[in-house]
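Work through the exercises below with the coordinates open. Each task is followed by a solution in steps.

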Amino acid sequence: MFDAIAPQKAYATVNPRLYAAGDRCMTPKKGNLRLTADAEQIDWSALVFRVRDDQDKVAFAALFRHFAPRVKAFLMKSGASEALAEECAQDVMATLWQKARLFDAERASVATWVFTIARNRRIDALRKSRRPEPEELPWGPEPEPDQAEVLEAQQETERLGTALAQLPLKQRVLIERAYFGDLSHSEIAAETGLPLGTIKSRIRLALERLRHQMDVKATDK
Amino acid sequence: MKIKHHMSDELLMAYAAAELPEAFNLVIAAHLSMCDECRARSMAFDALGGAVIEDSTCDMSAGSLETCLARIGAMSQTDAPLARRQDSVLPAPLMDYVGGGVDSVKWRPLGMGVRQAILRTGDKGASARLLYIPAGASMPDHGHNGLELTLVLQGAFRDEADRFARGDVEIADASVEHTPVAEAGEACICLVATQGSLKFTALLPRLAQPFFRI
């Protein structure tokens with residue numbers, strides 16, 4: 001019964017690796033789109049630093065091509081119309097430009113940071129409850145962050161993505177819906193006929209599995 | 001300060017997804033300001049949000065990037081961050097609601113030396129307030145209609161379940177009926193967020209309920 005909700009939303013999933021390769025071809029600039037040798041992934045943080053330091057529009061264009069459509073998809077799944085999602089996605093990317101110096105690459109990947117900006121934009125756009133932030137840590141972003149830490153933050157998001165994709169569909173859909181915030185637990189319960197307890201325990205199982213995957217992969221390194 | 005009672009995964013995930021009433025968001029933000037462990041867990045839930053965002057994409061409108069760049073060109077520079085304020089009792093997110101430190105709280109007496117200050121939050125379904133319980137005094141016996149989060153900011157209290165000191169959060173659902181008692185020594189100050197309204201079990205406090213807005 002619960003599976004019936006999944007196909008309602010068409011997930012246009014793009015292999016991030018293919019997408020990244022496309023971006024690389026479109027931005028041929030003196031090799032400073034640094035790639036990590038093992039992962040064949042773009043170093044998104046380096047692009048944010050170029051926006052921060054040089055107001056580099058080429059770097060920004062690469063970030064935009066990757067993240068803007070993802071933010072838009074996220075907002076549409078959160079219940080925004082296409083027009084609103086398009087406008088908000090542009091806002092989110094403009095905020096990325098404007099607040100680039102606040103990006104702390106040692107603590108979060110660019111994807112994570114973009115998610116937090118998109119979440120805050122969604123609160124305004126969909127008139128959600130105000131969400132106070134915790135006190136800022138006494139240390140801000142380092143101007144020259146430690147590369148190993150930066151890489152680690154990005155790889156963590158990638159590992160989480162892999163672990164998320166490997167979850168049983170029923171669990172993954174619940175996690176994603178929780179983040180899209182399109183329905184509360186009790187509304188999902190009403191819609192799917194699943195008892196609230198089942199939804200909660202499925203989410204709990206999913207989180208345990210994600211945690212386990214992250215532990216396994218962290219010790220593998 | 002060793003915090004023993006932490007936020008649940010369920011609440012941290014809902015906070016990451018911005019799906020909670022403001023009163024609960026405030027308690028969580030205050031707790032994360034005091035608890036590095038939950039702050040790290042909260043950041044992991046943001047990272048999960050990053051992974052969810054990476055997972056799906058769609059088409060942007062034609063000329064979207066150019067529109068965005070034009071918008072950026074028209075923006076003014078961001079303001080410098082506000083100067084950090086500090087208070088020995090209230091973490092920063094709470095200071096924003098009180099309009100200052102613990103000395104700025106506008107307490108109202110609830111009887112027996114217990115005081116409260118209702119904080120202005122935007123949502124109807126939940127409310128937030130600060131409670132001041134003199135050392136050794138107890139809160140009236142109460143149950144609640146829904147979830148209640150209690151974060152200790154000063155002193156400590158005990159109830160039937162456990163001991164809660166500064167930084168600890170008690171998560172109580174509708175099934176919990178408890179009688180928190182402040183420990184001897186220092187008055188206990190707590191931040192409490194409640195879904196629905198409190199139900200007092202004794203007759204007199206129940207009559208007083210509409211008047212005191214709890």
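Contact here means heavy atoms within 4.5 Å. The model is predicted.

**Exercise 1. Extent of the interface**

Task: Find how many residues of chain A are in contact with how many residues of chain B, and state what area the two chains bury between them.

Solution: 
- Step 1. Applying the contact cut-off gives 64 residues of chain A against 55 residues of chain B.
- Step 2. The area buried between chain A and chain B comes to about 5500 Å², and carbon and sulfur atoms carry 60% of it.
- Step 3. On the chain A side, the residues that lose the most area to chain B are Gln98(A), Glu135(A) and Tyr179(A), which together make up 14% of what that side buries.

**Exercise 2. Polar and charged pairs**

Task: Count the salt bridges across the interface of chain A and chain B, then the residue pairs in polar contact.

Solution: 
- Step 1. The salt-bridge rule asks for a side-chain nitrogen of Lys or Arg within 4 Å of a carboxyl oxygen of Asp or Glu.
- Step 2. Over the interface between chain A and chain B, eight salt bridges are found.
- Step 3. The polar-contact rule finds 25 residue pairs across the interface, both residues at pLDDT 80 or more.
- Step 4. On the chain A side, the elements giving two or more residues are helices H3 (57-77), H4 (82-98), H5 (110-125), H6 (147-165), H7 (169-180) and H9 (196-220).
- Step 5. H3(A) gives the most, with 14 residues.
- Step 6. Sorted by class, this side of chain A holds 31 nonpolar, 11 polar and 22 charged residues.

**Exercise 3. A helix of chain B**

Task: Explain why helix H1 of chain B counts as largely enclosed by the rest of the structure.

Solution: 
- Step 1. A residue is buried when its relative accessible area is under 20%.
- Step 2. The buried residues of H1(B) are Leu11(B), Leu12(B), Met13(B), Ala14(B), Tyr15(B) and Ala16(B).
- Step 3. H1(B) spans residues 9-16, and six of its eight residues are buried, so the helix is largely enclosed.
- Step 4. Just after H1(B), Ala18(B) has a positive phi of about 55°.

**Exercise 4. A strand residue**

Task: Is Val152(B) buried or exposed, and which residues does Val152(B) touch beyond four places in sequence?

Solution: 
- Step 1. Val152(B) sits in strand S5 (residues 148-154) of chain B.
- Step 2. Its relative accessible area is 0%, so Val152(B) is buried.
- Step 3. Among the residues that Val152(B) touches are Met34(B), Phe157(B), Phe164(B), Cys188(B) and Cys190(B).
- Step 4. Glu170(B) lies 18 residues along the chain from Val152(B), and their C-alpha atoms are separated by 8.6 Å.

Terms used: Residues numbered from 1 in each chain as written. Chains lettered and ligands numbered in written order. Predicted model: local features only at pLDDT ≥ 70, side-chain atom pairs only at ≥ 80, totals over all residues. Heavy atoms only, no water. Buried area = accessible area lost by both parts, 1.4 Å probe. Polar contact = N/O pair within 3.5 Å; in protein donor to acceptor, adjacent residues only side chain to side chain. Helix = DSSP H or I, 4+ residues; strand = E, 2+ residues; numbered from the N terminus. Nonpolar A, V, L, I, M, F, W, Y, C, P; charged D, E, K, R; others polar. Buried < 20%, exposed > 50% of the residue type's maximum accessible area, 1.4 Å probe, protein only.
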